[in-house]
Amino acid sequence: MSKIEHPIWPLGLFLKFFTPLARHEMYQFENEYTWGKAVANNSTDEFHAKFDNAVDKVRKELGKKYPAIINGKEIFSDDCFTVRSPSDTHISVAQFPKTHEDEIHDSIFSAKEAFANWSNVPYQKRAETFQDCADVFSERKFFLAAIMTFENGKNRIESMGDIDEAIDFMRFYAFQLEKNEGFSRHTVHPNPNEKTQTIMKPFGVWGIIAPFNFPSAIAIGMTTGALITGNTAILKPSSDAPLSSFQFAKILYPKIPDGAINLITGSGSIIGKALIESPSVDGIAFTGSHKVGRSGFKTFTKTSSKPFISEMGGKNPVIVTKNADLEKASNGVMNAAFGFGGQKCSACSRVYVQNEVADEFISKLVEKTKKLKIGMPWQKETFLGPVINNNAKIKFENAVSSAKKDGKILAGGTVLTTPNFENGYFVEPTIVAKLSEDHNLMKEELFLPLLCVQRYENFDDAIDLANQTEYGLTAGIFSEDKKQLDDFLRKIQAGVVYTNRSASATTAALVSSQPFVGWKNSGSSGKGAGGENYLQQFMRTQTQTRCD
C-alpha cells in the first residue's frame with residue numbers, strides 16, 4: 001500500500017501546533033476498561049477511593065461560568081443558562097452561554113476558514129493529536145466521570161464507562177487512520193503507463209448534534225470521527241449536559257488550528273436548526289430521537305446530497321426461552337432495562353418470556369428490581385439515579401397512568417418524593433405486564449426505567465414479535481439451546497445482538513469489539529460507531545491517475 005503525498009502544511013502553523021517528531025510505530029488498540037480491570041485486579045476499593053476524592057474536587061468547581069469556543073477563542077457571555085443537577089435542582093453544575101444567531105454563523109464561518117489548514121495536516125499528526133487528547137482524558141478520568149454524576153445523573157460505574165468509551169473512540173479512530181494510512185490505497189491498472197490510486201478526502205464543515213445521555217462518549221466519538229479525518233466541526237452538546245463536552249473541546253482546541261473545533265451551547269431548536277439549514281455545513285452527525293433525526297435529514301438533504309449520519313434510538317427486545325438460565329436472564333434483563341434509568345438508546349424495553357418459565361422469571365426479575373439501590377449517583381452504593389429532567393418525570397407519570405389503565409404494574413410505578421429525593425427527578429424502576437402488542441408503550445421509545453413483559457408460546461412467534469418494531473438497534477436472547485441461538489442470530493432484525501449476556505442483555509457495547517450500529521429507523525448508514533467502517537462516512541473517495 002503506497003503512501004499518498006499530502007499538500008505541505010504552512011511551516012508556521014505546523015510549528016505552532018506540533019513538535020517535529022518522527023512517526024512512531026503504530027500501536028495496537030486496547031480498551032481503557034477501567035471498572036472491568038478494577039474488578040479483574042481486585043482493586044475496586046482503590047477505584048472507589050479515587051472516585052470519592054474526585055467527587056470532592058468536583059464539588060469545589062460546581063456553579064462556575066463557562067464559555068463557548070469559537071475560532072480558537074473562549075467567548076464568555078452574561079446571557080447564560082444554568083445547568084442544574086437532576087439529582088438535586090438546588091445544585092448549579094455550570095453556567096453556559098445562550099449562543100446567539102450571529103455567533104452560530106461565526107462558528108460556521110470559522111470552521112469553513114479553518115478547513116484548508118486542518119485538512120492538509122498529515123494524517124499521522126491528526127492521529128497523534130487525538131492520541132494525546134485521549135491520554136489527557138485517561139489521566140483525568142476520575143474527575144471527568146465525577147462531573148457526569150452531577151451533570152446527568154449517571155452512577156459512578158456508568159459515568160466511568162462513558163469516559164472510557166470517549167477515550168476508546170479517540171484511540172481507536174487514531175489507530176484506524178494509521179492502520180489504513182489515511183485511507184489511501186494504490187490500485188493496479190493493466191496499462192503500465194497509468195499509475196492509479198484512491199484517496200479518501202474530508203467533506204468540509206460538520207455539525208455535531210449530541211445527546212444528554214452520553215455527553216462524553218457520543219459527543220466525542222462523533223466529533224473525533226469528523227475531525228480526525230480532516231473535517232472541521234461545530235459541536236452542539238445537549239443543554240442538559242454541556243460541561244462534559246466542554247472538557248473535551250477545551251483540551252483539544254489549543255492543539256489544532258483556530259476554528260477547526262467550535263463548541264456552541266444553548267437551545268437545540270435554534271442551534272440545531274441553524275446548522276441543518278446552513279448551506280455552508282457539509283455534513284451532520286446526529287444522535288437523538290427518530291422524529292428529530294428524520295426531520296433533520298429531510299431538511300439537510302432537501303436541495304443537495306450531503307452526508308447525514310444519525311443514530312435514532314430503539315425499542316429493544318429480549319427473548320427468554322424455556323431453555324434459559326433464569327438467573328442469568330433476570331440479571332441481564334434488569335441491568336439492560338434499568339441501568340441509567342433506561343435512558344440509553346440500547347436499553348431493553350420489551351422482554352418476551354416463554355409461558356413455561358414466565359412466572360418464575362418474572363418473580364426473579366421483580367424481586368431483584370425491588371432491591372435496586374436508588375440514590376445520589378455520585379455515591380458508591382447507588383445503582384439508579386434520577387431521570388434527566390422534569391419533562392422526563394412527567395413522561396414517566398403519563399406512561400405509568402397508561403400502564404395502570406391498560407395493563408398491570410408488577411413493580412415500581414412511583415415518583416419518589418421523600419425528603420432524600422424531593423429536589424430531584426427520581427422514579428422507581430417499573431415493570432409492566434398484560435399490554436397489547438400494539439399499545440404505545442410497546443411501540444414508542446420512552447427513555448425511561450419502564451420495562452414491558454409479554455408472554456409467548458412458540459419460539460418462532462417470539463422472534464416475529466421482537467421484530468415487530470420500526471427500530472432495529474439492539475436485541476438479546478437467553479437460551480441454552482444452540483439451535484435457538486443460531487435461529488435468533490439469523491432472524492433478528494437488529495444491529496447489535498447478544499446471547500446469554502447476564503451483565504446486560506442489550507447494552508454496554510465496547511469500542512472495536514462491538515461496533516454500535518442501528519438497522520431500520522435506528523440508524524441511517526448501517527455502519528457502526530467504534531467499528532472499522534465508521535470513519536469512511538466522514539470522507540469521500542477520489543480516484544487519481546498519473547500518466548507517464
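Reader: Asn500, buried or exposed?

Author: Asn500 counts as buried at 18% relative accessibility; buried means under 20% relative accessible area, exposed over 50%, and partly exposed in between, with a 1.4 Å probe and protein chains only. Keep in mind that this is a predicted model, where local features need pLDDT of at least 70, side-chain atom pairs count only at pLDDT 80 or more, and totals for chains, interfaces and linings use all residues. Residues are numbered from 1 along each chain as its sequence is written, and side-chain values use heavy atoms, with hydrogens and water left out.

Reader: Ok, and where is Asn500?

Author: Asn500 is in the loop between β20 (496-499) and β21 (519-520). Strands are DSSP runs of E with at least two residues, helices are runs of H or I with at least four, and both are numbered from the N terminus.

Reader: Switching to Lys434: where is that, and is it buried or exposed?

Author: Lys434 is in the loop between β16 (430-433) and α15 (440-443), and it counts as exposed at 63% relative accessibility. Its phi is positive too, near 65 degrees.

Reader: Last one, Ser85. What does its side chain reach?

Author: The Ser85 side chain reaches the backbone oxygen of Phe150 at 2.9 Å. Ser85 is buried, with a relative accessible area of 0%, in the loop between β4 (80-84) and β5 (92-97).

Reader: Which residues does Ser85 touch?

Author: Leaving out residues up to four places away in sequence, Ser85 touches Ile91, Val93, Phe150 and Trp378, where contact means heavy atoms within 4.5 Å.

Technical notes:
A polar contact is a pair of N or O atoms within 3.5 Å; within protein, one must be able to donate a hydrogen and the other to accept it, and residues adjacent in sequence count only if both atoms are side-chain atoms.
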